Amino acid sequence: MTMALDTPRPALTDLVGKTLSRRRRWKLGEVVFWGLTAAAPFMLPRGMLLLNEVAILALFALSLDLILGFAGIVSLGHAAFLGAGAYAAGLFALHVNADPLTGLVVAVLAAALLGFLTSFLVLGGTDLTRLMVTLGIALLLFELANSFSAITGGADGLQGISMGPLLGLFPFDLQGRTAYLYSLSVLFVLFLAARRMMASPFGLSLRAIRDNPLRASATGVAINGRIVLVYTIAAAYAGAAGALMAQTTQFVSLDVLEFHRSADLMLVVIIGGAGWLYGGIIGAILFKVLQDAISLATPQYWQFWIGLLLVVFVLGGREILHGLLARSRTALAKLASRRAP
Amino acid sequence: MTAPALQTVGLVKRFGGIVATNDVSLTIERGARHALIGPNGAGKTTLVNQLTGVLKPSEGRILLEGRDITTAKPEARVRLGMSRTFQINQLFQSMTPLDMLLLVLCEQNDLGLKLWQKLDKNGDLAREAAAIAERFRLDDVIGEPITTLPYGKQRQLEIAAAFAARPRVLLLDEPAAGVPEAERRDLLATVADLPADVSVLLIEHDMDLVFRFATRITVLVNGTVIADGTPSAIAADPAVRAAYLGESLDA
Amino acid sequence: MLTILFDGVAYGMLLFILASGLAVTLGLMNFVNLAHGAFAMAGGYVTVVLMQRYDVPFVATLPFAFLVPAAIGAVLERTIYRPMYAKSHLDQVLFSIGLVFMVVAAVDYVMGSQQQLIRLPAWLQGRFDIAGIGIGRYRSFVIAICIVLTIALQYVLVRTRFGSRLRAAVDDQQVARGLGVNVGVIFSLTFAVGSGLAGLGGALGVEMLGLDPTFPLKFMIYFLIVVTVGGRSGLTGPFTAALLIGVVDVAGKYYVPQLGAFLIYALMVAVLFLRPQGLFAVAR
């Protein structure tokens, strides 16, 4: 191919290089955020159990963000992978080996396999078809888990799981400190991986698929293959979240596959904003805090308020909230740039 | 004799009862500056969509440099050297021109599945993206969100992206559409600047652009080719005049 | 076995009436309303309340089971549904799920979470014995009503001016408006009728399907399956699909109880994968 190009002027190359490396760099806010999460056991020693739930939900939300926020794939049945991971980890601990990390790996592989197999069902089709197929798969899994109650414990759940100490050194304590630090570590590691993957050429191609599939394929992106890959990865992440759930609570029940898990998760991701990785995490924090607060007031009917939140959010709340977020981000950025030399 | 750059053999496309492409056999030679013209609704974009794989033809074959690509997916055709622009800008709304150009370059260099690698691992791609941006007068907006670019720049980006794919066959679908008169000269310069070994099929309504650019013209009316030849032959062809050009043309 | 077939047909026809409103709003208005089941539930509770608190005979409650949800539907359509038409399917789904959560919780609060039971009038209880086969009276009644409604629906859609106006408005809103068709009124009316039919179906279904606050969630998927498998254009597709689903589900649960609803979900996933436009859809 003989298309000789002039070398661009150095200032431009410089600018391009700077833009790209600026995007990769860790922002101050991020460092502070993760620092706070690590410091939480000291700041909120009595809230460890709740914080553990937040970390797990954040990981689950991160997994949905990968397909929804980055590849534009809608799903009403992401709980299928949460459940697959949870049951895999639970059954593994119960029947084979109670080591947490081994169980985690097994669960991740199981969920990834399920994700891989079902990814072909979300390839072609409109948003609506995808919503229904994913919903159908989650329901299918629920029925399966229900039917094979001899293995899964059915509605009563998998009883008697007793996890070994983490890394052979740290037993799971009643306050939940080991649990939280375990979940947080898994979340952080997987977050780092996701950050890297989404900033790669692969991640860029996903965004192209999300924005404009027609253009993406006209650019040479083999859409189906990319979707299968990201869907499998997302399933693996969700499976990890499920495993953490099973291991830290030492219990798995059909509840993990219920529809409201997938529906609530959608809300979590869109509150924080899909497509920038932190959206799911922030959404998870907000959701859990809200859930905790509302449950104190109306323990039985808190789904009502979640529903109301969804309705308001979609009817116009989203624009208002994200407008506020955007304005505060620019304000913070201005503050930071004024500080920096 | 080497195969032509792009060729269709008896291409037919039916939508229910409507025949949008009627037995079209078109040949684009290597290094061609070939234009496809015709009134609105003649089926030009439908033809391009079949050439690029967006639509499946009902009958007939498509050959890219002698290779049968009739059933090949769009992304496969891009890898074989075909690239196109869209009549209505098809850009990536969440990206910047830099992102979009990098995407094209990454795909060209088979990096699309590299999920662990940095986006500009050794700076080469960044340099190339910068060069393309400069060439297409996008250097001043290279880092701006695409949604904030004026229409003319977006159009330039549309063409730059197709160009960045290093195509051997380039299909330009009405590149001047919506571009104000003053900027059309720039556009013509860009198109004329394309390397000689790239075969270009230009679909256009702007006759000025067509007659300045093309060395060969095909006329499509109601999905049927009614004339195919040199610009002067086409301008003189009474059938073409009658069907399309009208008496006002004095090319 | 014929009894099972009969039961399946009754179930299927009931599903059709329940889902017909959804087929119309989705197929014709391109709006995904997962809260459709809430209107069905409303109709069911209207019947229950009228019968239990006001001693209204069962059959007399049925018109109210249609009208109350229809009225609610009309009001909601004008107010909160309208801004959702232009939004993406995902937004519509999230919106309607939010509504369902609200309704389920509200009904639980007001009516309690227990299954609602009604006593059918004597003439609807028991069964006919025809050639040794037991044909439930109530199920026959349901089938009869559903057949009448289906014929009426098809007639309105295909043969009346309202029907052709509706189809025009769906095919091309702009053009229809230009031709003087009041698109807003038509959509409101259609939505109201669809909700009313759901309500009627819910009332008829109290005996056959049960009624508790989780009804919309339990049956949401069934309605969606009817519309997905049946295709979105017209009513004949969903009708056939509903019958198929009714029979398969009843037969499945009887012969292979281990699998429960598994068969139906698997059917849906398979259909969506192989023919995303629906098994019985007519190519547009």
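Biologist: How far apart do the C-alpha centres of domain 1 and domain 2 of chain B lie?
Modeller: In this predicted model, the two centres lie 26 Å apart. Domain 1 of chain B is made of 1-81 + 169-251, and domain 2 is 90-166. Those bounds come from an automatic or database domain assignment.

Biologist: What makes up the contact between domain 1 of chain B and domain 2 of chain B?
Modeller: Eight residues come from domain 1 of chain B and seven residues from domain 2 of chain B. On the domain 1 side, five are nonpolar, two polar and one charged.

Biologist: How do you know what radius of gyration a compact globule with the 251 residues of chain B would have?
Modeller: The rule is 2.2 Å times the number of residues to the power 0.38. For 251 residues a compact globule would come near 18 Å, and chain B has 19 Å, which agrees. The C-alpha trace of chain B spans about 55 × 40 × 40 Å along its principal axes. Chain B contains nine helices and 11 strands.

Biologist: Which chains share the most contacts?
Modeller: Chains A and B do, of the two pairs of chains in contact. There, 47 residues of chain B are in contact with 34 residues of chain A. On the chain B side, the elements giving two or more residues are α2 (74-79), α3 (97-108) and α4 (124-135) of chain B. The residues of that side divide into 23 nonpolar, nine polar and 15 charged.

Biologist: What is contributed to the contact between chain A and chain C?
Modeller: Chain A contributes 33 residues and chain C contributes 37 residues. In chain A, α6 (127-147), α12 (259-272) and α14 (302-339) each supply at least two residues. Helix α6(A) gives the most to this side, with 15 residues. By class, the chain A side has 23 nonpolar, eight polar and two charged residues.

Biologist: How far apart are the nearest C-alpha atoms of chain B and chain C?
Modeller: They are 9 Å apart, and the two chains do not touch. Contact is judged on C-beta atoms, placed from the backbone, that lie within 7 Å.

Biologist: Where do the domains of chain A fall?
Modeller: Domain 1 of chain A is 46-287 and domain 2 is 298-341. Taken over C-alpha atoms, 24 Å separate their centres. Five residues from domain 1 of chain A and six residues from domain 2 of chain A make the contact. The domain 1 side has three nonpolar, one polar and one charged residues.

Biologist: Why is α3(A) called roughly antiparallel to α11(A)?
Modeller: Helix α3 (residues 48-68) of chain A and helix α11 (residues 223-249) of chain A pack at an angle of about 170°. Angles over 145 degrees count as roughly antiparallel, so α3(A) is roughly antiparallel to α11(A). Their axes are 8 Å apart, and the crossing is left-handed.

Biologist: Which residues make the contact of α3(A) with α11(A)?
Modeller: Among them are I56(A), L59(A), F60(A) and L66(A) of α3(A), and V230(A), Y237(A), L244(A) and M245(A) of α11(A). The residues of this contact divide into 17 nonpolar, three polar and no charged.

Biologist: What meets what in the contact of α3(A) with α13(A)?
Modeller: Residues including L50(A), E53(A), V54(A) and D65(A) in α3(A) meet residues including G279(A), I281(A), K288(A) and D292(A) in α13(A). By class, the contact has 11 nonpolar, three polar and four charged residues.

Note on methods: Residues numbered from 1 in each chain as written. Chains lettered and ligands numbered in written order. Predicted model: local features only at pLDDT ≥ 70, side-chain atom pairs only at ≥ 80, totals over all residues. Nonpolar A, V, L, I, M, F, W, Y, C, P; charged D, E, K, R; others polar. Axes fitted to C-alpha atoms, helices over the stretch in contact; angles between N-to-C directions. Helix = DSSP H or I, 4+ residues; strand = E, 2+ residues; numbered from the N terminus. Parallel < 35°, antiparallel > 145°, perpendicular 65-115°, else oblique. Left-handed = near helix turned anticlockwise from the far one by under 90°.
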